[in-house]
Amino acid sequence: MTEQSLLANTVYPDSSRDCKQTGFSLIELMVSIALGLLIMTGVLALYLDLSRSNAELAKMNRQIENGRFTIQLLQQELWRAGFWDSYVPLLPSAVPPAAIPNPCTDFSSWSVADIADIYMIPVQGYVAGSVLPAECSGIVSNQQADSDMIVIRYASTCVAGATNCESYDANKLYLQSQLCGEASHANYVASAADLPVLDTPGASVYRKDCVTPVNRRKLVTSIFYVRNYSVTTSDGIPTLMRADLDLNGGVIAMQSAQPVIEGIQSIKFEYGQDTNDDGAPDFFSDCAACGAVDWANIVAVRMHVLARNLEVSTGYVEDKSYVLGSVILGPFNDGFKRHAYTSYVHLVNPSGRRERP
């Protein structure tokens, strides 16, 4: 058999059958894609849920922080209310105050009687909707309709110029108590510049040894209220505001209020009056109709704070009501979560001067 015959009769493997390539069919490919999409959808949903939960938790934490900080700030201010260093005002039952002090007038317009009233009334308030003195128009603006305003007065707990205390400025307002000689009711002083005694202009102010000058302590008068916006009038973020008596442009006057804490929707106060000079409150009210003597008898304060998230919570509807003392706020029917905080403050200085052994 020739070589050509052998080649012709040789049997070769069927390459089309034995070398065939394998892989996914179209149906298998579509099923695998569908399963992958389902898994990715689940992972994405889990991620979005975690993100929303974290965002809500951050909102809630900030709201709690703002509410507690507001309570703490007001507590500290009220604890200092009525501290006048060595000066001890007589009780209202002995010498009643003449009038409720105007918290917004410049120091230049104060009289001796005004100073006496300030010492007698370290805490005073204005309920929501009250008409404020005309002088307050440039200080308190855009007040939240359902929120109160409170005024707190005291002498600084640190001596001007001492370590960690504000440096002495001859143009600012300071308090000194006259201890040299007779320590009667008239021996108080509100001082500025050369520290003149208001009822004896130009007189020096000394301790009991009549040689050592009395410490200068800055007179602190602060107004707290809630404004209905934070930065711009359209942002709608209610904000706790504070205005302080200080030097501005050579004039000692109440300065324009500055934002302190965002997300505070309302602050409400109930004032405890002591009617028998024993240092304990006999009853509480919002003091909407209080006169000068009533304010001079305040020895305790209940404060209520309603804090609100700064952003809405998707899918949430606020349908709750909040009890703030004698006032109920809500439901607001919006997407903001809120929480109410309450605290009781015993006014250490006004009540301590009355407590009987």
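**Entry 1: Arg62 and Glu262**

I looked up the pair Arg62 and Glu262 in this predicted model and found a salt bridge, with the closest N and O atoms 3.2 Å apart. Arg62 belongs to helix H3 and Glu262 to strand S8 (residues 258-262), so the bridge ties together parts that are 200 residues apart in sequence. I then checked the accessibility of both partners. Arg62 is partly exposed, at a relative accessible area of 39%. Glu262 also counts as partly exposed, at 25%.

**Entry 2: other salt bridges**

I noted 16 salt bridges in the structure. Among them is the one between Lys172 and Asp246, whose closest N and O atoms are 3.5 Å apart. This pair links distant parts of the chain, 74 residues apart: Lys172 sits in the loop between strand S2 (149-155) and strand S3 (173-177), and Asp246 in strand S6 (residues 239-248). Lys172 has a relative accessible area of 15% and is therefore buried, the cut-off being under 20%.

I next examined Arg354, which forms a salt bridge with Asp277; here the closest N and O atoms are 3.1 Å apart. Arg354 lies in the segment after helix H6 (348-352), whereas Asp277 lies in the loop between S9 and strand S10 (283-285), and the two are 77 residues apart. I recorded both Arg354 and Asp277 as buried.

I also found a network of salt bridges that links Glu77, Arg80, Arg242 and Asp244.

Phe24 is placed in the loop between helix H2 (15-18) and helix H3 (26-80). I list Phe24 as exposed because its relative accessibility is 69%, and the cut-off for that class is over 50%.

**Entry 3: confidence**

The average pLDDT of the protein is 85, and 86% of the residues score at least 70. Confidence is highest in strand S9 (residues 264-273), at a mean of 98, and lowest in strand S4 (residues 188-192), at 51.

I marked two stretches for caution. Over residues 183-187 the pLDDT stays under 50, and the model gives this stretch nine contacts beyond four places in sequence. Residues 192-202 are also below 50, with 31 contacts in the model beyond near neighbours in sequence. Where pLDDT is low, the predicted coordinates should not be read in detail.

Methods: Residues numbered from 1 in each chain as written. Predicted model: local features only at pLDDT ≥ 70, side-chain atom pairs only at ≥ 80, totals over all residues. Heavy atoms only, no water. Helix = DSSP H or I, 4+ residues; strand = E, 2+ residues; numbered from the N terminus. Buried < 20%, exposed > 50% of the residue type's maximum accessible area, 1.4 Å probe, protein only. pLDDT = per-residue confidence, 0-100. Contact = heavy atoms within 4.5 Å. Salt bridge = Lys/Arg side-chain N within 4 Å of Asp/Glu carboxyl O.
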